[in-house]
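Let's take a friendly walk through this structure together. Have the sequence and the 3D view ready as you read.

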Amino acid sequence: MGSTLLPDTGAEILIPVCAIIGIAFSLVQWLLVSRVKLSPSADHRNAGGKNGYSDSLIDEEENVNDQAVVLKCAEIQNAISEGATSFLFTEYQYVGIFMAAFAILIFLFLGSVEGFSTKGQPCTFDRTKTCKPALATAVFSTVSFLLGAFTSVLSGFLGMKIATYANARTTLEARKGVGKAFITAFRSGAVMGFLLAANGLLVLYIAINLFKIYYGDDWGGLFESITGYGLGGSSMALFGRVGGGIYTKAADVGADLVGKVERNIPEDDPRNPAVIADNVGDNVGDIAGMGSDLFGSYAESSCAALVVASISSFGVNHELTPMLYPLIISSVGILVCLLTTLFATDFFEIKAVKEIEPALKRQLIISTVLMTIGVAIVSWIALPSSFTIFNFGTQKVVKNWELFLCVGVGLWAGLIIGFVTEYYTSNAYSPVQDVADSCRTGAATNVIFGLALGYKSVIIPIFAIALSIFVSFSFAAMYGIAVAALGMLSTIATGLAIDAYGPISDNAGGIAEMAGMSHRIRERTDALDAAGNTTAAIGKGFAIGSAALVSLALFGAFVSRAAISIVDVLTPKVFIGLIVGAMLPYWFSAMTMKSVGSAALKMVEEVRRQFNTIPGLMEGTGKPDYANCVKISTDASIREMIPPGALVMLTPLIVGVLFGVETLSGVLAGALVSGVQIAISASNTGGAWDNAKKYIEAGVSEHARSLGPKGSDCHKAAVIGDTIGDPLKDTSGPSLNILIKLMAVESLVFAPFFATHGGILFKIF
């Protein structure tokens with residue numbers, strides 16, 4: 001079919017080098033953030049400042065006592081960091097037990113396919129050749145599952161540590177102006193983005209090379225066992241997203257309802273007992289959960305592409321460079337994101353509040369444009385001019401430029417989804433302003449307008465996803481869809497940097513309020529937070545869009561592996577699966593919403609109790625019991641994350657074993673179609689309600705001022721809308737994209753067992 005311009009050795013060097021560059025860049029960014037000192041003595045030593053611009057002058061201008069403020073910020077940061085670390089360790093202990101049990105299950109199910117035989121077997125897609133035994137697939141799938149789970153945990157934990165390290169530093173930098181604070185928050189986000197992207201790539205590359213020592217020329221078996229990596233990543237992401245989401249929203253709803261609505265005190269007021277739990281929640285839900293989630297998407301899209309490639313001409317003819325095409329795209333993505341990050345931190349300086357959001361949007365556009373060029377070069381040098389791709393039993397001839405278009409369409413569909421999400425969730429545009437305006441007549445009309453906005457916001461993203469599916473499948477079958485998903489995730493480092501920036505800025509605002517810093521500093525952190533809120537919604541849009549493409553690619557790989565020739569929705573076996581699968585996202589959402597509601601109920605009661613029983617709490621002379629609120633959130637989230645997690649993890653196993661692969665294919669299709677719609681509408685509804693509240697609070701325009709100020713009936717109606725939207729945008733919505741991916745990748749991993757021993761009920765009857 002033709003050779004490639006990039007030799008195999010070049011590909012083997014390029015991938016780890018790019019990953020190491022990514023890790024090195026993240027460490028450089030971390031060192032730059034660490035220059036902001038959290039000790040008063042260091043600040044005073046630096047009082048000379050560069051350009052004669054001294055810190056002591058800034059402090060006088062802001063009318064704050066430097067020593068007291070820095071110490072207070074350090075103390076609050078320490079409390080948030082300890083709370084977040086404690087929660088994650090507790091969560092990982094429980095999830096660790098679940099993962100160990102599931103790893104044993106993988107080994108037993110896959111090992112039993114050939115009766116735990118150690119003899120070689122005919123290859124699945126070429127019966128004339130002998131491949132490694134099913135027992136080997138069982139062992140290596142279990143190892144890659146544990147590897148993916150560990151990398152996912154590490155991604156989330158490191159992200160949380162970086163965010164809690166940077167939050168108080170962002171607050172202190174806000175004294176020097178909004179530009180300095182923005183750079184600190186964004187650099188911290190970049191540390192997480194690059195560490196995650198580079199670690200995910202490096203661990204996967206090392207695993208492939210180690211597994212190859214045993215598998216040799218059996219590339220089909222090698223890449224089938226690698227799918228466990230994606231399963232491990234998404235399994236941990238599910239518990240991280242659900243557990244973290246319940247934690248953060250229980251605290252947030254409790255703090256808002258009692259603090260803002262009942263007691264008329266500002267957000268993040270130190271008198272509010274739930275304020276530390278609320279700030280801890282931003283880190284364990286929005287940072288650790290999101291990090292694990294996007295790592296899972298990246299791992300699964302890579303695994304889906306590699307599985308399909310291994311049974312195409314790349315795998316059959318043992319062409320290493322084209323085989324590693326998905327990893328080369330991710331490698332180039334790291335270099336592109338590195339260059340893009342410099343535009344935000346070094347090439348352009350932010351001087352005013354209104355420049356923040358455009359700077360973040362520029363990141364998305366620059367990374368997409370540069371990545372398009374990068375993908376064109378990679379497709380030219382790493383692919384032969386013509387090759388064949390496995391397409392449900394036949395081999396489809398594909399040209400290298402067609403594969404470039406597949407990746408490109410995914411990349412640009414991601415940008416479109418991002419901008420549509422921004423339009424529907426940013427308070428700079430009419431949809432959110434209309435929601436804010438509806439608060440004039442109370443919370444009920446606010447809720448009605450918000451729900452309508454969420455449903456409407458689904459339309460364009462679904463068309464973008466549908467178009468990218470049609471184009472990529474037409475050109476390169478299921479492999480095209482897998483690389484389209486990878487295209488959407490190729491700028492993951494920039495996407496994560498923008499995403500992590502939001503919760504860091506949110507925490508910075510909370511610390512400024514709790515430390516008693518001036519109103520001007522709070523205004524600056526609020527401006528950073530408002531922009532971060534929109535970018536967080538954009539990040540969720542990317543995650544949901546890529547999840548749709550990833551799960552469809554995994555679905556295609558599952559259908560191929562389970563030897564299903566056609567999925568016919570008119571057969572009862574498939575249709576019952578389809579309708580049950582479409583119901584699952586509703587069942588899952590009901591469980592997560594109820595969990596947040598019951599945890600928030602306990603939190604509200606505790607916060608009310610403290611306000612009513614602690615003498616001098618409202619006057620500021622009494623001290624709230626922060627630890628008790630942290631304990632309520634921790635206990636509730638650990639207890640409540642198990643049932644939704646079990647629902648997602650056990651459904652494919654139960655359906656596959658009892659009803660067989662055809663019914664399971666229906667379940668996967670139903671969950672995908674229904675889950676994407678609910679996830680987009682839930683995330684955007686919640687984001688719109690949140691920004692409608694911030695629009696009224698900021699009072700920047702004449703219209704916004706007519707709805708305010710804080711504490712007015714309009715504002716209270718907006719706060720109620722925001723609290724309803726909290727579990728939608730931060731618990732149920734983001735967790736649904738993991739549901740559709742996780743069920744698909746789990747079905748793929750267990751496909752050999754289901755194909756051999758599944759459908760017990762249909763066999764009996």
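## One residue and its neighbours

Leaving aside residues up to four places away in sequence, F182 touches A344, I350, I356, A359, L360, Y501 and L528; contact here means heavy atoms within 4.5 Å. F182 sits in helix α6, which covers residues 178-215. Helices are DSSP runs of H or I with at least four residues, numbered from the N terminus. Because its relative accessibility is 1%, F182 counts as buried. Buried means under 20% relative accessible area, exposed over 50%, and partly exposed in between, using a 1.4 Å probe and protein chains only. From F182 to T171 it is 11 residues in sequence and 10.0 Å in space, C-alpha to C-alpha.

## About the model

This is a predicted model, where local features need pLDDT of at least 70, side-chain atom pairs count only at pLDDT 80 or more, and totals for chains, interfaces and linings use all residues. Residues are numbered from 1 along each chain as its sequence is written, and side-chain values use heavy atoms, leaving out hydrogens and water.

Now look at helix α15, residues 443-456. Its 14 residues should span 20 Å at 1.5 Å a residue, and the end C-alpha atoms are 20 Å apart, so the two agree. The expected span is 1.5 Å times one less than the number of residues.

Which residues of α15 are buried? They are N446, V447, G450, L453 and G454. Seen down the axis of α15, the buried residues fall within an arc of 130°, so they line one face of the helix; the arc is that of the directions from the helix axis to the C-beta atoms. On the other side, A444, I448, Y455 and K456 are exposed. The cover over the buried residues of α15 includes α13 (400-425), α14 (430-437), α22 (661-698) and α24 (713-757).

## How helices pack

Two packed helices are described by the angle between their axes and the distance between the axes. Axes are lines fitted to C-alpha atoms, for helices over the stretch in contact, and angles run from 0 to 180 degrees between N-to-C directions.

For α13 and α14, the angle is about 25° and the axes are 5 Å apart. That makes the two helices roughly parallel, a label for angles under 35 degrees, with over 145 being roughly antiparallel, 65 to 115 roughly perpendicular and the rest oblique. Y423, Y424 and T425 of α13 meet S430, P431 and V432 of α14.

Helix α12 (residues 356-382) packs against α13 at about 170°, with axes 8 Å apart. These two are therefore roughly antiparallel.
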